[in-house]
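This report describes how two protein chains meet in a model of a complex. Please read it alongside the sequence and the coordinates.

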Amino acid sequence: MDTGPLIMARTLEHACMLWLGLMAHSLKHGNFAIGVSLPG
Amino acid sequence: MGTISIIGSGGMAASIGGLAAKAGHAVEVTSRDAAKAGALALEIGADATAGGFGEAPSGDIVILAVPYSAALDVVRQYGEKLAGKILVDITNPIKSDLSGFLTPPDSFGAKEIAKVAPANTIVVKAFNTQNARVLASGPVQGHPLDVFIAGDDAQAKARVRRSLRASDCARWIPVR
Ligand SMILES: NC(=O)c1ccc[n+]([C@@H]2O[C@H](COP(=O)([O-])OP(=O)(O)OC[C@H]3O[C@@H](n4cnc5c(N)ncnc54)[C@H](OP(=O)(O)O)[C@@H]3O)[C@@H](O)[C@H]2O)c1
């Protein structure tokens with residue numbers, strides 16, 4: 001899905017942060033496989 | 001169908017490489033650990049090959065499948081060998097404690113990667129919001145997965161989409 005020019009990559013990177021934050025909050029444990037370790 | 005080159009041999013390299021091979025592309029895997037590249041090429045099958053790390057990728061589309069913390073150095077190391085290529089940035093430049101981004105406040109990962117790549121390398125952001133295992137496991141109840149793509153060059157984006165998306169290979173490729 002085309003989201004627009006390269007500056008939209010910033011939004012996609014922020015979207016991942018949001019997703020990881022929500023996961024960390026809801027799961028409360030880490031090592032989620034999206035290339036970033038979550039705090040315990 | 002052209003060749004897709006992948007730098008890295010981890011989870012995302014395996015998922016994207018597998019999808020590309022199933023879509024009928026030749027896949028070249030390169031890794032700083034040649035044995036891992038060879039093993040992943042075998043795992044992908046479909047005559048996937050292992051290329052030399054730091055050598056000119058054989059594909060016009062190059063997937064940068066290393067952590068962001070390594071990405072800038074890796075791109076610098078490849079240097080002019082990435083000239084004229086479409087470089088697909090899949091990284092998430094996020095601190096491991098989730099306290100913020102690894103990029104300067106006024107920038108973002110894809111921009112920093114574009115800065116260190118040759119001037120005529122086209123950087124396209126894609127796949128960073130999609131989990132490796134979800135990507136590899138294909139359509140969910142028949143529905144294709146959404147992979148978000150961003151980039152300044154419409155033709156390059158179209159090529160990335162075409163190379164990995166449904167149309168001609170709906171059975172295998174969940175990307176729309
Ligand atoms: N996993 C996901 O679900 C997911 C989803 C979206 C985006 N991503 C992004 O995709 C990228 C790859 O993630 P991944 O899950 O595939 O990671 P991974 O399984 O840890 O694999 C990382 C790869 O990068 C290589 N690498 C690490 N440091 C390097 C360096 N300094 N120089 C050269 N190569 C280096 C590793 O080589 P060695 O094996 O030799 O260490 C390995 O081949 C990351 O940027 C991540 O943020 C991941």
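## Salt bridges

A salt bridge here is a side-chain nitrogen of Lys or Arg within 4 Å of a carboxyl oxygen of Asp or Glu. By that rule the side chains of Glu13(A) and Lys125(B) meet in a salt bridge, at 2.6 Å from N to O. Glu13(A) lies in helix H1 of chain A and Lys125(B) in strand E6 (residues 122-126) of chain B, so the pair joins two chains; helices (H or I, at least four residues) and strands (E, at least two) are DSSP runs, numbered from the N terminus.

Asp2(A) forms a salt bridge with Lys157(B), with the closest N and O atoms 3.0 Å apart.

## Basis of the model

This is a predicted model, in which local features need pLDDT of at least 70 and side-chain atom pairs count only at pLDDT 80 or more, whereas totals for chains, interfaces and linings use all residues. Residues are numbered from 1 along each chain as its sequence is written, chains are lettered from A and ligands numbered from 1 in the order in which they are written, and side-chain values use heavy atoms, with hydrogens and water left out.

The predictor gives the complex an ipTM of 0.89 and a pTM of 0.91. Chain B averages a pLDDT (the predictor's confidence in each residue, from 0 to 100) of 91, and 93% of its residues score at least 70. Over residues 166-174 of chain B, however, pLDDT stays under 50.

## The interface

Chain A and chain B bury about 2400 Å² between them, 65% of it on carbon and sulfur atoms; buried area is the accessible area (1.4 Å probe) that two parts lose on being put together, summed over both. Met1(A), Leu6(A) and Glu13(A) supply 33% of the area that chain A buries against chain B, more than any other three residues.

The contact (heavy atoms within 4.5 Å) takes 25 residues from chain A and 34 residues from chain B.

## A sheet across both chains

E1(A) pairs with strand E7 (residues 149-150) of chain B in the parallel sense over two bridges, where pairing requires that DSSP finds at least two bridges between the strands. In E7(B), Ile149(B) is the bridge partner of Asp2(A).

These strands belong to an open sheet of eight strands with mixed pairing, in the order E1(A)-E7(B)-E6(B)-E5(B)-E4(B)-E1(B)-E2(B)-E3(B). Its edge strands are E1 of chain A and strand E3 (49-51) of chain B, each of which pairs on one side only.
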